Amino acid sequence: MTSAERRASLDRPRQPRKSTIDGTRRSLPSPLPFAGLTDLAGPERRAQGDEPLTSRAVRPGSELERRRLNELFAALCAIVSPTGSERACMDRVIAELRGLGLEHEEDDAGPRAGAGAGNLLVRIPGRAARTVLLCAHVDTVPVEGGVVEPELADGGWHNARPAVLGADNKAAVAGLLALARRVAVEGSPVGLELLFTVAEETGLAGARALDRSWLRAEFGYVFDHATPIGEVIVAAPASYHLAADLFGRAAHAGIRPEDGRSAVLAAARAVAAMPLGRIDEQTTANVASIHGGGAGTNVVPERCRVVGETRSHDEARAEAAMTTLVDRLQDAANVPVCACDLDVTVQRVFAAYRHEDDAPALRAAEAALRACGHTPRRVASGGGSDANALVEAGLPVVNLANGTQGAHQPDERVSVAALEGMVDVTMALLEECAT
Ligand SMILES: [Zn+2]
């Protein structure tokens, strides 16, 4: 029996090669109760104590504005836009912006990001010198059945079909367009860059492919966390993606099983030996799938692919956890009963970040939330968002929970109150950013 050839590379490509990780689908419960973030309550405690509460008046949306927002949200959801098929939805966004007399620019990131459109940027001048970025992604996870029928029930929107609604992230897309409509008429307290990204759901590929010099904002926000309004994401993990191909040898399973080398057996042994789930308070690991195998039960399976990921708020631990997964694959491929070849690709999908406690973007967000009657809560998320890519590019971007529920699930929904409430929060945010 020949010895197995094993190739493994733990590299850190700057550009996404193949994007199969989604930042939010594997979201972990927030807040993560780990010791490193025990000081998260600090600023909130200060706010409730010796620091005066902000109560900057923001006009709530009129009935007409709220109706338009809901109609636009439903219309955007009905334009199915899984990653790679963003064009029609982005064109609708462009039509809305044109209707408001707002100019837009679209970059050439589409082909590089595996997207059906480029990232879209709109600049709106403001009364204050500062410029802030507000960002939402127009792509969604794949829609089972390919149809979204937005339906209003029990005070919220859901898909009448058994599939995702796409509130992730069209609640934010609609909210930013509602905001644009308002500031186009009333003016903006602060300079605005509205960024509509593509291919977020496949490893933040759109945001990673955009040219940082395109953006002039001092800091910014995404609204991409399916938890109650008030949660402010102050930390998010690094993520590594694994794709491992195992190559054995096919043989008749009944006549010459001794001649076969089972790739499925090697994969099973490897996965069974892997530490998976929550590795420590900051680190997680997951095997998502084992694909492949033979055409029939009478064939020893020649090949299969194992796909997985690791995440950690500590970059080194995310990498170490991935190294362990690769080691287990090598061990299994190497045992004589398997003797498979192994081809491993590891990609660092996004970097971890943690905002400074007194970051201006955090303080403005908390003041805006309080002004709208919400209690800000600083949390660490296990999920990624465009904020990971933008922070890595050097732009401090805070992810704010937007009150959506069940992202990436067939029962995904968003209440009308949350949809409308986030526009008020965002308006208040502009006021706070102007100070
Ligand atoms: Zn999202």
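Reader: To start, how many helices and strands does the secondary structure of the protein chain come to?
Author: This is a predicted model. Its protein chain has 11 helices and 19 strands.

Reader: And what percentage of the residues count as buried?
Author: Of the 435 residues in the protein chain, 52% count as buried.

Reader: Among contacts between residues at least 6 apart in sequence, what share join residues at least 24 apart?
Author: That share is 80% in the protein chain.

Reader: Let us turn to the helices. At roughly what angle do the axes of α2 and α5 cross?
Author: The axes of α2, residues 63–78, and α5, residues 167–186, cross at roughly 140° and come within 9 Å. The two helices are therefore oblique to each other. The crossing of α2 past α5 is right-handed.

Reader: Which residues make that contact?
Author: From α2 the contact takes E65, R68, L69, L72, F73, L76 and C77, and from α5 it takes K170, A171, V173, A174, L177, A178 and R182. By class, there are 10 nonpolar and four charged residues in the contact of α2 with α5, and no polar ones.

Reader: What about α7 and α8: within what distance do their axes come?
Author: The axes of α7 (residues 263–273) and α8 (residues 315–334) come within 8 Å, and they cross at roughly 140°. That angle makes α7 oblique to α8. The crossing of α7 and α8 is right-handed.

Reader: Which residues are involved there?
Author: On α7 they are A266, R269, A270 and A273, while α8 supplies R328, L329, D331, A332 and A333. The contact of α7 with α8 has six nonpolar and three charged residues, with no polar ones.

Reader: Now the sheets. What is the order of the strands in the open sheet of four?
Author: The order is β5-β6-β19-β18, and the pairing is antiparallel. β5 (150–153) and β18 (404–405) are the edge strands; each has a single partner strand, so one side of each has no neighbour in the sheet.

Reader: How many bridges join β6 to β19?
Author: Three bridges join β6, residues 156–159, to β19, residues 413–415, and the two strands run antiparallel. In one of these pairs, G156 has S415 of β19 as its bridge partner.

Reader: Is strand β10 enclosed or open, and why?
Author: β10, residues 238–247, is largely enclosed by the rest of the structure, because eight of its 10 residues are buried. It is joined to β13 by 10 bridges, with the strands running antiparallel. β10 also pairs with β14, residues 341–350, over nine bridges in the antiparallel sense.

Reader: Which residues face L242 and D245 across those pairings?
Author: L242 has G308 of β13 as its bridge partner. D245 stands opposite D343 in β14.

Reader: Changing topic: where is G294 found?
Author: G294 is in the loop between β12 (283–292) and β13 (303–312). It is buried, with 20 other C-beta atoms within 10 Å.

Reader: Which residues does it touch?
Author: Leaving aside residues up to four places away in sequence, G294 touches A250, V299, V300, P301 and E302. A250 is 44 residues away along the chain from G294, and their C-alpha atoms are separated by 8.0 Å.

Reader: I also wish to check the backbone. Where is there a cis peptide bond?
Author: The peptide bond from D168 to N169 is cis, with omega near 20°. N169 lies in helix α5. As background, most peptide bonds are trans.

Reader: What is the phi of D154?
Author: D154 has a positive phi of about 50°, although it is not a glycine. Its place is in the loop between β5 and β6.

Reader: And what is the phi of L204?
Author: Phi of L204 is near 60°, again a positive value in a residue other than glycine. L204 lies in the loop between β7 (191–197) and α6 (205–209).

Reader: Taking D154 and then L204, is each buried or exposed, and why?
Author: D154 is exposed, because 8 other C-beta atoms lie within 10 Å. L204 counts as buried, because it has 29 C-beta neighbours inside 10 Å.

Definitions and conventions. Residues numbered from 1 in each chain as written. Predicted model: local features only at pLDDT ≥ 70, side-chain atom pairs only at ≥ 80, totals over all residues. Axes fitted to C-alpha atoms, helices over the stretch in contact; angles between N-to-C directions. Parallel < 35°, antiparallel > 145°, perpendicular 65-115°, else oblique. Left-handed = near helix turned anticlockwise from the far one by under 90°. Contact = placed C-beta atoms within 7 Å. Nonpolar A, V, L, I, M, F, W, Y, C, P; charged D, E, K, R; others polar. Buried ≥ 20, exposed ≤ 12 C-beta atoms within 10 Å, placed from the backbone. Pairing = 2+ DSSP bridges.
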